[in-house]
Amino acid sequence: MVRDFSLFTSPGMQRMPNGDPHAAVACVHDAPPIFYSPNNTRDGRGTWVITRAKDQRRVLQDTATFSSHRSIFASALGENWPMIPLELDPPAHGVFRSLLNPLFSPKRVMVLEPVIRERAITLIDRILAPSTSCDVMKNFAFPFAVSIFLGFLGLSDKELDTFVGWGRDLLHGENVKRTAAALAILGFIDELAAMRRKEPAGDFMSFAVGAQVNGRPLTDEEVRGIGVLLFVAGLDTVATAIGFDLAHLARNLKDQQLLRSEPDRIGLASEELLRAYSTVQMIRVATKDIDFDGAPIRKGDYISCATMIANRDPEEFECPNTIDLAREDNRHTAFAHGPHRCLGSHLARREIVIGLEEWLSRIPDFRIKEGTAPITFGGHVFGIENLILEWS
């Protein structure tokens, strides 16, 4: 049941021009539905790899057997505290999820929509004024997605480049850079929490330091766990999704024209693009010995539920490697599944849809600039480093 596979080192996972890590990883569906990979984490640990979407849902739903507490961030510092609520298991998870859910509800996101759209328009108009070409990741995707999230947290975007750099080093950097980024983020969150305790500002961190659970204020570690999760979550994944989406549309002009001529399709199309270009691997930790369809999982083993694998499952999706922008009944797991499903999914979806709507309505027919090639890579979080587009 052991297979030479890794989201970090297998063919197609390295940084490369015009790479397609999602197509490369889909090859695991030729293998058994569960196997052991001896090296499938950033720090070189082995994981069981669950390939079928229905089996990943079993794992993600069973929080008693598969814990979400892996200390993904804290481990970079040699510590073991959880990001909250992502790395809490029930019943504590439910307590904090109930506290935070109203801040990320569809109703709350609707209130934010005018601000999100204005930000997209401002950035695109700034690109259009002097040029017929740009690096989408540098000039649009990251400034757009990250500034929206910083605004949500009550932070200005003056240090946006610094924050994006921390996120890049934390999620994609080598160990030394990862630890340095984690320390920088931790120091920033702790300092911000201290400031908001002294002078509340009506923003998210002010809410966190003033909140109560079970009739008591949050501890410093709980405030830190919440602040770090939300800060890190907003630095990379939405921008990366927009990058992969625009790269697809630049290469597939029929799809670009379809969404340009029929913008009402963008919402449905964005779900298909989320499925086809999912970016996150979720790790669970076995809480006890268990036989999982013949696999002898032992207490403490890591279990990989990679969204980019589940969302290319031929048992779940007809022609999974075909990007069909009209695909319906799209049960993708780009935002995970079960109790730990992404808290910010409603906000992320609206950012992606609005970003595509405004880009397609303002930028003429675009393509990848001749002589350039987007650099993509695999890993714990898949990414696209650059995307140079041009139009006339």
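This report describes the overall build of a protein and then some of its residues. The model is a predicted one.

**Overall build**

The protein contains 14 helices and 15 strands. Along the principal axes, its C-alpha atoms fill a box of roughly 60 × 55 × 40 Å. A compact globule of 392 residues would have a radius of gyration near 21 Å, and the protein has 21 Å, so the value agrees with that of a compact globule.

Of the 392 residues, 56% are buried. The accessible surface comes to about 16,600 Å². Carbon and sulfur atoms account for 53% of this surface.

Contacts also tell something about the chain. Among contacts between residues at least 6 apart in sequence, 69% join residues that are at least 24 apart.

The protein has 43 positive and 50 negative charges.

**Cysteines**

A disulfide is a covalent bond between the sulfur atoms of two cysteines. How many disulfides does the structure hold? The count is 0. Cys319 is in no disulfide, and the nearest cysteine sulfur, that of Cys27, lies 18 Å away. For Cys305, the closest cysteine sulfur belongs to Cys342 and is 16 Å away, which is too far for a bond. To count as a disulfide, the two sulfur atoms would have to be within 2.5 Å.

Is Cys305 buried or exposed? Cys305 is buried, because its relative accessible area is 0%. Cys319 has a relative accessibility of 47% and therefore counts as partly exposed. The cut-offs behind these words are under 20% for buried and over 50% for exposed, with partly exposed in between.

**A histidine in a helix**

His248 is part of helix α10, which covers residues 237–251. With a relative accessibility of 5%, His248 counts as buried. Which residues does His248 touch, leaving aside its neighbours within four places in sequence? The contacts of His248 are Asp255, Leu273, Tyr277 and Ile323.

**Backbone features in loops**

The loop between β4 (66–67) and α3 (92–100) holds Pro85. Pro91 is placed in the loop between β4 and α3 as well. A cis peptide bond joins Ile84 to Pro85, and another cis peptide bond runs from Pro90 to Pro91. The table gives the angle for each bond.

| Cis peptide bond | Omega |
|---|---|
| Ile84 to Pro85 | about 5° |
| Pro90 to Pro91 | near 5° |

Ser71 also lies in the loop between β4 and α3. Its phi is near 55°, a positive value in a residue other than glycine. Ser71 counts as buried because its relative accessibility is 3%.

Asp293 has a positive phi too, near 50°, and is likewise a residue other than glycine. Where is Asp293 placed? Asp293 sits in the loop between β9 (290–292) and β10 (295–297). The relative accessible area of Asp293 is 52%, so Asp293 is exposed. Ser71, in contrast, is buried.

Definitions and conventions: Residues numbered from 1 in each chain as written. Predicted model: local features only at pLDDT ≥ 70, side-chain atom pairs only at ≥ 80, totals over all residues. Heavy atoms only, no water. Helix = DSSP H or I, 4+ residues; strand = E, 2+ residues; numbered from the N terminus. Rg over C-alpha atoms; globule rule 2.2 N^0.38 Å. Buried < 20%, exposed > 50% of the residue type's maximum accessible area, 1.4 Å probe, protein only. Contact = heavy atoms within 4.5 Å. Areas by Shrake-Rupley, 256 points an atom, 1.4 Å probe, with all protein chains shown as cover. Lys, Arg positive; Asp, Glu negative; His and termini not counted. Charge placed at Lys NZ, Arg CZ, Asp CG, Glu CD.
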